[in-house]
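Dear colleague,

Please find the structure below, together with its sequence. My notes on it follow directly after.

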Amino acid sequence: MNQITADILIVDDIPANLQFLAAMFKMRGYTTRAALSGKLAIQAVKNKIPDLILLDVRMPDIDGFEVCKRIKADPVFSDIPVIFVSGGDETLDKVKAFSSGGVDYITRPFQIDEVFSRISTHLDLRRQREQLRNTLQRMQELEALRDDLIHTIIHDLRNPLCAIENYLELIKTDEADSLSPKVSSYLTEAQAHTGNMIEMINSILDVNRMENRTLPLNLAMCDLVDLSGQVIRSMEPLRDSRALTLVAPLLPIQAIVDSGLVRRMLANLITNTIRSTRDVSGHIHISLHQIHDRVRINIEDNGAPIPAEEHLNVFEKYTQANSALSGSGPYIPGLGLPFCKLVAEAHGGCIGIENTPNPGNMFWVELPISGPPPR
């Protein structure tokens, strides 16, 4: 908006005041509308949103303070700048004017240049707010478009990667007799890296679906002790010389969970602890405990302690974490730990990390036995 196109609503119960103000604004090129009462002012705003309201304080039906409150109470009109006009200069009136939502307070008799300077300032401020709002909206639209494009690309990458993984397995199986140990090891490495890429793609897609609450949970009764043992056994090729132990009750701990998601969550947590511990002296201790209606899973290591100020950051997407998470140099954990946090919360549980006196770190997860609350 600019001075020529700005639409100003003038509200005053005295016609002479309206005529004077309208003539004064017309000389400066403004477009004006008039309202002789508070009720008419509210209706005029609903009919057409003005760029600024010049509002008299004292009116017989509804005073200016109440008019301003009602206008500001509606989100559609709350951004309209309201400048109060009064014949008095009482501090209490000024306080009421600003507390009701006014942006300025002008007293009679007017200093014409001052009035126009204040109006021009508030019109400029509103124009800048509109520009910021429009810029933000455009950025959000572009961000949504970017996310859609990225997820489309990622989704389309999964099929050829799965095909590569299958062909690698066929080569290992069908040509096993003709492959040298060296080539066979290369194939195994290629399969591992391909599997990691597929897992990364699945995590990205699932994180997005969980954030949008569109990922269905395949809930069923599951023995978390048995599930944890399966995950630990699957980690054997990764642990090298690290000690990987499980302490759990002899009896099953039954809980209603999505076993596939919980399995991936535990695998991600254990993978992070493996990464943060040394090959020779590293040990990782997993324990399960049922506490009333919840089960707690602790994953403790003797790696370099993660500073307490970074404990919340490690569960945020794409946050650069301390070198303790990688064993050497800054490391971007990507979506592994954010995925774990979303899985825990989707089940109505929680997740966290603590430093241990060993020293070391302990990731922990708590899940309700009876399953997540209705979504």
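How many aromatic pairs does the count come to? The model is predicted, so please note the conventions first: local features need pLDDT of at least 70, side-chain atom pairs count only at pLDDT 80 or more, and totals for chains, interfaces and linings use all residues. Residues are numbered from 1 along each chain as its sequence is written, and side-chain values use heavy atoms, with hydrogens and water left out.

**Aromatic pairs**

The count comes to 5 aromatic pairs. Rings of Phe, Tyr and Trp (its six-membered ring) pair if their centres lie within 6.5 Å; planes under 30 degrees apart count as stacked, over 60 as edge-to-face and the rest as tilted. One of the pairs is F25 with F116, which is edge-to-face, at 5.4 Å centre to centre and 90° between the planes. F25 belongs to helix α1 and F116 to helix α5, so this pair ties together parts that are 91 residues apart in sequence. (Helices, H or I of at least four residues, and strands, E of at least two, are DSSP runs numbered from the N terminus.) F25 is buried, with a relative accessible area of 0%, and F116 is buried at 5%; buried means under 20% relative accessible area, exposed over 50%, and partly exposed in between (1.4 Å probe, protein chains only). F25, Y30 and F116 form one aromatic cluster.

**Helix α1**

The buried residues of α1 are L18, L21, M24 and F25. Seen down the axis of α1, they fall within an arc of 135° and so line one face of the helix; the arc is that of the directions from the helix axis to the C-beta atoms. On the face turned away from the buried side, α1 carries the exposed residues Q19, K26 and M27. The buried residues pack against β1 (7-11), β2 (31-35), β3 (52-56) and α5 (112-174), where contact means heavy atoms within 4.5 Å. Just after α1, G29 takes a positive phi of about 90°.

**Nonpolar cores**

A nonpolar core is a set of buried Ala, Val, Leu, Ile, Met, Phe, Trp, Tyr and Cys residues joined through side-chain atoms within 4.5 Å. The largest has 46 residues, and L224, V262, M265, L269, I270, I286 and I299 touch the most other members. Helix α9 (residues 259-276) gives the most to this core, with 8 residues. A second, separate core of 22 residues includes M59, V67, C68 and A97.

Yours sincerely
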